[in-house]
4 protein chains.
Amino acid sequence: MARNPRLRDHVAKGLLDTAARVLAERGEQAGMTDIAEAAGVARATLYRYFPNRDALLEALTETALAELAERIADAHLDTVPIPEAIARLTRAMVGATSKYRGLVIFRKPPDVAKEADRHFTGPLGDLFARGAAEGAFRQDLPPTVLVELYIALLEGAISRVLQGRLGTEEASTAITKVFLQGALNGRNGSGPPGL
Amino acid sequence: MARNPRLRDHVAKGLLDTAARVLAERGEQAGMTDIAEAAGVARATLYRYFPNRDALLEALTETALAELAERIADAHLDTVPIPEAIARLTRAMVGATSKYRGLVIFRKPPDVAKEADRHFTGPLGDLFARGAAEGAFRQDLPPTVLVELYIALLEGAISRVLQGRLGTEEASTAITKVFLQGALNGRNGSGPPGL
Amino acid sequence: MARNPRLRDHVAKGLLDTAARVLAERGEQAGMTDIAEAAGVARATLYRYFPNRDALLEALTETALAELAERIADAHLDTVPIPEAIARLTRAMVGATSKYRGLVIFRKPPDVAKEADRHFTGPLGDLFARGAAEGAFRQDLPPTVLVELYIALLEGAISRVLQGRLGTEEASTAITKVFLQGALNGRNGSGPPGL
Amino acid sequence: MARNPRLRDHVAKGLLDTAARVLAERGEQAGMTDIAEAAGVARATLYRYFPNRDALLEALTETALAELAERIADAHLDTVPIPEAIARLTRAMVGATSKYRGLVIFRKPPDVAKEADRHFTGPLGDLFARGAAEGAFRQDLPPTVLVELYIALLEGAISRVLQGRLGTEEASTAITKVFLQGALNGRNGSGPPGL
DNA sequence: AATGAATGAGGGTTCATTCAT
DNA sequence: TATGAATGAACCCTCATTCAT
């Protein structure tokens, strides 16, 4: 009785996990039926935990973003040079998102914008802002565009990881390498340090 | 009666155009009703031309890919150096897709794989194969991965163009620059040294 | 083709008839399923004619009230003395409503108020206003209360007719007699001694 | 343990009170959830006292009718003349029902018939039987019909009281007056001219 | 050939009811 | 005993698809 809320949260988490998996497999058009079925509960039970489909999706997004934020925080991006920071960020995101399927995280911008901005664009924006301030990036493209391209690479990589067309490590390494070489400022002749 | 097939094809083309427009406007969840309505015909008529929704989407993909292939062919990629080829290819793709909305072109991979491979992976694969043969690409990543990343960038760029977050030219230029600097082999003195 | 609208209206009328019957039988909580089933069509077909449950109920009410209004108009209440007018009105209403079940006509006041006022309260109000003006009614009760009681009698009578506990004629006669003797002005020496 | 049944009955009574209140407020479509919530117990607890919704409604009706019967008994209808008896009866019923909301008492006839007949039709039937025997009622309508009309007036009055369209006293007085004048035997020279 | 009409299957949601603690 | 959790059945509604004209 004392850990009733605990239990409840635990079940809810389990349902979210299942939902993540099912949405990843069947696509965003998977129905409540599919999710409930996959979770081994009745549809009505699913509704006990999430009052409607949107609530579930929202909770899913929130969870995914929270996990992501935690990983990003753990990476202490602000204590290392830009290249290393991007390498860490990439690994964090590709790793974290393999579970929550890119499509969920990178869903309709208006829908997630609020939460995403809080958890995600924040740190990422900080990182790129620092890079720009340090003159680490190439000067012929605005940092905002670089951010967009980086996210595009991430999305693509995550999507391919989820499809099994790329391994997690392989994908992380590849986009880190390509993006760093492609985006960093090569003026010091040095180039990014080895990964 | 002799040009019945002609006429039929012509009408089908018109329906596909409408479908492309409606799907672009209303998103992939636009219904047959919307399409038929927008085309000014009855739903049943739409079904006379495309036996079911999937057939329509397939035809749409096919058409889009064909248009794309034409543009790519027109670019004569094989007559110019790799960097220029990639620049042309990028412009062609970003430009072409504005009509058929990325989501249609880059639909569920298993669905489109067949057609895409025929029209699209073909030339694109040729290009990257030539690049690999010429040693134009960095050696620490397999060409297939580079192709994936390139496509990821394209998808992201197109998506952002469609959302109005990036201009067509801006997007083309940016991904060309970043991808080239990031993917090309820097041994010829340019770019940062290999990672 | 020419009588397409005709046909459509005809079918819609049929569905309304069935709906009236089913709602009368199963009560207001009868579902779209019941109605469609009773009409021998698929539920989706029912929705072709009435976009949702409320629309159907509204149409039903409207139809019932229209029929009622027609009957009332035919009765030319303003050409006869009050007692005869009330007798006619009663017959008209009890007769008309046997089909559309009182519950439909006398539904939630806020819901039907608009239409009801237009068709129904109008003539009825006129009649009682005239009666009041002529001094036909007893003076110890306000005419508005008399209207309410009259309607209450009507509702009760109709309900009992629908339940088969009273015959149509029997009910009409009874409430006419009782209401007239009870509501008319007995100044002509009649009426039981005062309470 | 000895007064377990006592306690049980006491709780059940409390639940019925709450149910009466909630049903009066939210209408007959109030759910078990609403009732349990308003009573401050879990839904399952409600089910321990009333095995299902119908049982609860039945118990509610039973209670209401019992209360009614008590009031009627208190009125000692058989000790006063018919007109006074009807006046008392009317006040008793209109007053009593404010709590149990007419809709509960006058529910689907087949459902309540059993109970109603036992508690309610009994005394009321007795009253009208006496009236008929005394020759108090008009002779041109059978007493059974008069009973029906009287109940119809009661229902209507109660309903209007509950809707706030009529005051309790106002309603009681009005239907008493109208019904008496309308139903009593006018042999003493009264009555409106023949229809 | 084109269409209005009809439909079955499914989607989200609610609610009375049962189960297990 | 009281309760939170779980559930199945039903409801309203939509949409891709088929039928008959």
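Tutor: The discussion below takes two interfaces in turn, and the model is a predicted one.

Student: How is the size of an interface expressed, and what area is buried between chain C and chain D?

Tutor: The size of an interface is often given as the accessible area lost when the parts come together. Here, chain C and chain D bury about 3200 Å² between them, and carbon and sulfur atoms give 67% of that area. The contact draws on 33 residues from chain C and 33 residues from chain D.

Student: How many salt bridges does the rule find across the interface of chain C and chain D?

Tutor: The rule finds eight salt bridges across this interface. One pair that forms a salt bridge is D:Lys177 with C:Asp140, whose closest N and O atoms are 3.4 Å apart. The count of residue pairs in polar contact between chain C and chain D, both residues at pLDDT 80 or more, is 12.

Student: Which elements give two or more residues to the side of chain C that touches chain D?

Tutor: They are α7 (143-162) and α8 (168-183) of chain C. The largest share of this side comes from α7(C), with 10 residues. By class, the side of chain C that touches chain D has 18 nonpolar, seven polar and eight charged residues.

Student: At what angle do α8(C) and helix α7 of chain D pack, and how far apart are their axes?

Tutor: The angle between α8(C) and helix α7 (residues 143-162) of chain D is about 70 degrees, and their axes lie 11 Å apart. Angles from 65 to 115 degrees count as roughly perpendicular, so α8(C) is roughly perpendicular to α7(D).

Student: Which residues of α8(C) and α7(D) meet?

Tutor: From α8(C) come C:Glu170, C:Ala174, C:Ile175 and C:Val178, which meet D:Val145, D:Leu146 and D:Leu149 in α7(D). This contact divides into six nonpolar, no polar and one charged residues.

Student: How do α7(C) and helix α8 of chain D pack?

Tutor: Helix α8 (residues 168-183) of chain D packs with α7(C) at an angle of about 70 degrees, the axes being 11 Å apart. The two helices, α7(C) and α8(D), are therefore roughly perpendicular to each other. On the α7(C) side the contact is made by C:Val145, C:Leu146 and C:Leu149, and on the α8(D) side by D:Glu170, D:Ala174, D:Ile175 and D:Val178. The contact of α7(C) with α8(D) comprises six nonpolar, no polar and one charged residues.

Student: Let us turn to the other interface. How many residues does the contact take from chain A and from chain B, and what area do these chains bury?

Tutor: Chain A contributes 29 residues to the contact and chain B contributes 28 residues. The area buried between chain A and chain B is about 2900 Å², with 65% of it on carbon and sulfur atoms.

Student: What is the count of salt bridges between chain A and chain B, and how many residue pairs are in polar contact?

Tutor: The count between chain A and chain B is eight salt bridges. A:Glu148 and B:Arg160 form a salt bridge in which the closest N and O atoms are 2.5 Å apart. Across the interface of chain A and chain B there are 12 residue pairs in polar contact, with both residues at pLDDT 80 or more.

Student: Which element gives the most to the side of chain A that touches chain B?

Tutor: At least two residues of that side are supplied by each of α7 (143-162) and α8 (168-183) of chain A. The element that gives the most is α7(A), with 10 residues. The side of chain A that touches chain B divides into 14 nonpolar, seven polar and eight charged residues.

Key: Residues numbered from 1 in each chain as written. Chains lettered and ligands numbered in written order. Predicted model: local features only at pLDDT ≥ 70, side-chain atom pairs only at ≥ 80, totals over all residues. Heavy atoms only, no water. Contact = heavy atoms within 4.5 Å. Buried area = accessible area lost by both parts, 1.4 Å probe. Salt bridge = Lys/Arg side-chain N within 4 Å of Asp/Glu carboxyl O. Polar contact = N/O pair within 3.5 Å; in protein donor to acceptor, adjacent residues only side chain to side chain. Helix = DSSP H or I, 4+ residues; strand = E, 2+ residues; numbered from the N terminus. Nonpolar A, V, L, I, M, F, W, Y, C, P; charged D, E, K, R; others polar. Axes fitted to C-alpha atoms, helices over the stretch in contact; angles between N-to-C directions. Parallel < 35°, antiparallel > 145°, perpendicular 65-115°, else oblique.
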